[in-house]
Amino acid sequence: MANVTDLQTKYSRLAQEYSKLRAQNQVLKKAVVDEQANSASLKEQLKQKDQSLRKQEQEMDSLSFRNQQLAKRVELLQEELAASEAKGKRGKNKGDSPSHHGVQTQSVFDEDLQKKIEENERLHIQFYEADEQHKRQEAEMKTRLEELERESQHHQTVVDGLTTKYTETIERLQSDKARLEVKTQTLEREGKDCRLRTEECQQQLRRCQSELNRQLKQSSSVIQEKVPFNDTKFSDYNSLNVPAHNRRHQLKARDVAGQALSFIQDLVAGLLNFHSYTEQRVHIYPLDSSIEFISPLNQKFSQYLHENAVYVRPLEDSFLQLHQSITEDTVTVLETVDKLKNFSDIFSTYTRFLQKLLPYQLKSLEEECQTPLCTATLTVKNQELQNDVKRVTLVFDKIQNYINLLTFPSVRQDGMPQSSTSAVFTQLAACLHSLHDVVKEMSKHYNQKASLEQELPTATQKLFTTTECLLGSLGSLTNSTGKLATFFSNNLDFFTSSGYSPRGNTEAFNPIQAEIMLSNKKKAAAYINALKKPRPQSVPYREALSNRRILTSSTESREGLTQQVQQGQEKIARLEQEKEHWLLEAQLGKVRLEKENQRISDLEAQLAMALGEGQISQTSAVSSVGDEESREQLIKTHYMTRVGELTTQLQVSDSKAVHFHSECRALAKRLAIAEKSRETVVEEMKRANGNITHLQDELSTTKRSYEDQLSMMSDHLCSMNETLSKQREEIDTLKLGSKTNAKKNKGR
């Protein structure tokens, strides 16, 4: 089950990262498209500059060619001038009129030459300036082009990295999905097996119920026929002679604990959603963590909020243990409810968690107020929310103190008097109503704040969706706290009642009396169960009388029979001993016969090799001594062999017994482990089904939000297309108007 929870957490994290990276990818794609458009426009500008450069080069070539022509003409004019001067010197004597004409011609040539020189100089200056400007623009364009290429390469690298990361994330999610599907199928198969076993158990239960009903009818008929009294006519007592109002109190306590458990579960679900959506909102507003880094304060606040399940879920588990400890066979008063102490400790831990979150939440709201787009009305709502958060933490602290006071009677016998107990329950009911009022106020202020945030120009659809989820969690918290406060107020008389008491006495039990009563009740139940067990069938009366007469008549001969049995046993023992003796004698005779045969053969051999009678007599003495020693050795060997065989049989029996005992213990352990694993698998199946429904809900919510975003984007694109078409139409109309005006001007 922990692996399923980890996979669910990883899946949610990966989904969040995927959504963030997808938003970043959209931004980067847009930036890349813009940069590509800029690069294309710059290339077009560079192309135009090249064309203008080539045009200017052509003009420069033509100007240089014209300059050369002018230079040649200047040279020709200078030559003509020199020739005219020479002619002038020759014709000095001829008169002044030709010289005057030459002077005028020379002045015209000089003026023309000066104009050409000035024009040539001006053209050289223009050409130089145009060349320098072209070089400077070309350098700037090359630098800009290099920068754009680097930026484009960087953006392309980022896009490739994000694409790779998206691909890996999608593959990992697909593998996790496949693994979860396989595990779900396995759990479904196990669930089917569990259902089959459950049906078998239900059939066995029905058979047992029918058998018990039959036995109950049989016992009732026997009691009605044979029992001369009936103590079931007292209405104030049950079958175990326990006062009926105490039993009603116990049933009421279990029912009240079950209702409180359902309200606690709703409260825990609301708190989990509230903390989770608050964490998502911190990542979105005032700064979106998918685009830019959020402040260190909000990072720490988000880290603490991410740990909310560690503090909230144990509240439900501890109260479930408290509910399971309240049964019909227990005495439920404050002095005997030990599980309430565990619930109080876990509630204290959650209260400390809220106190740890309080300063970060206040600072986070202050940071929202410091944003440039935060209006005065929004600042007022943030301040109201700060006051609401402080009040919620204070009310939880008060509730924790009162719950801690209720655990004193279970720790110490004289921990708190009855009058103080009633006051504590009353104050606890008032605190629950205060909690409901505070949560209701906070929900109202959040609604007002959300309506103001929708008017901000920087608000995104992601912020709207998260705020709606946060408002939904606050609504569920308001409902659960209201139901819990109403439930506690309605059952306040039961909580402040005296609890268990004996008949005719109005004083409540102390813990010792309660434990004694519980033990007596269990003993009585065990006694009743023992009476219900089937007993061996009794002997009929007439048969018992005949057996008594037979026993009385045979009493005289019993001693004689006993003596005969003892004598028979002694005789059997003697015969067994004689049997063993003669067996040994037979074995010894057989051995002796073999020895005699061996000795005869040896004597015959010795006779054949006899050296004298002295030697024959010595050989016979030696053989007789050897026969006695061999007899003793054979007896000893026989008994040792018998003892070894018996020892071996005993060891084999002991080893078999130990082996059977270990196998029985192993089978018992395997049976217990199988039962535990079955229960664990059933719980995991339930949790897996819950996780599947939760994931399906999340998937539907995410799908719905994506569809809304896509619809908004499509609407936005449609509006943009309409505006573009309008602009194009206006441009076309303006062009047509300018053309008509130009035609009119030409016509004039």
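## Exercises on a helical protein model

Tyr304 is buried, because its relative accessible area is 15% and buried means under 20%, exposed over 50%, and partly exposed in between (1.4 Å probe, protein chains only). The model is predicted: local features need pLDDT of at least 70, side-chain atom pairs count only at pLDDT 80 or more, and totals for chains, interfaces and linings use all residues. Residues are numbered from 1 along each chain as its sequence is written, and side-chain values use heavy atoms, with hydrogens and water left out.

### Exercise 1: the whole protein

Task: find how many helices and strands the protein has, and what percentage of its residues count as buried.

Solution:
- Step 1. Helices (H or I, at least four residues) and strands (E, at least two) are DSSP runs, numbered from the N terminus.
- Step 2. The protein comes to 15 helices and 0 strands.
- Step 3. Among its 748 residues, 25% count as buried.

### Exercise 2: an aromatic pair

Task: work out whether the rings of Tyr304 and Tyr360 are edge-to-face, stacked or tilted.

Solution:
- Step 1. Rings of Phe, Tyr and Trp (its six-membered ring) pair if their centres lie within 6.5 Å; planes under 30 degrees apart are stacked, over 60 edge-to-face, and the rest tilted.
- Step 2. A search of the whole structure gives 9 aromatic pairs.
- Step 3. For Tyr304 and Tyr360, the centres are 5.2 Å apart and the planes 70 degrees apart, so this pair is edge-to-face.
- Step 4. Now place the two residues: Tyr304 is in helix H4 and Tyr360 in helix H6, 56 residues apart.
- Step 5. Tyr360 is partly exposed, at a relative accessible area of 22%.
- Step 6. Look also at Lys356, which lies over the face of Tyr304, 4.6 Å from the ring centre. The rule here is that NZ of Lys or CZ of Arg is within 6 Å of the ring centre and within 35 degrees of the ring normal.

### Exercise 3: a second pair

Task: describe how the rings of Phe347 and Phe396 are arranged, and where the two residues lie.

Solution:
- Step 1. The ring centres are 6.0 Å apart with 35 degrees between the planes, and the pair is tilted.
- Step 2. Phe347 belongs to helix H6 and Phe396 to helix H7, so the pair ties together parts 49 residues apart in sequence.
- Step 3. Phe347 is buried, with a relative accessible area of 8%, and Phe396 is buried too, at 5%.
- Step 4. Ring pairs link Phe347 and Phe396 into a cluster with Tyr311, Phe319, Phe343, Tyr350 and Phe353.

### Exercise 4: the core

Task: find which residues touch the most other members of the largest nonpolar core.

Solution:
- Step 1. A nonpolar core is a set of buried Ala, Val, Leu, Ile, Met, Phe, Trp, Tyr and Cys residues joined through side-chain atoms within 4.5 Å.
- Step 2. In the largest core, of 66 residues, the answer is Tyr350, Ile399, Met442 and Phe488.
- Step 3. Helix H3 gives this core its largest share, 13 residues.
- Step 4. Ile399 touches Phe347, Leu428, Cys431, Leu432 and Leu435, leaving aside residues up to four places away in sequence; contact means heavy atoms within 4.5 Å.

### Exercise 5: one histidine

Task: decide whether His275 is buried or exposed, and name residues that it touches.

Solution:
- Step 1. His275 sits in helix H3 (residues 244-284).
- Step 2. Its relative accessibility is 4%, so His275 counts as buried.
- Step 3. Beyond residues up to four places away in sequence, His275 touches several residues, including Leu305, Asn308, Tyr350 and Leu357.
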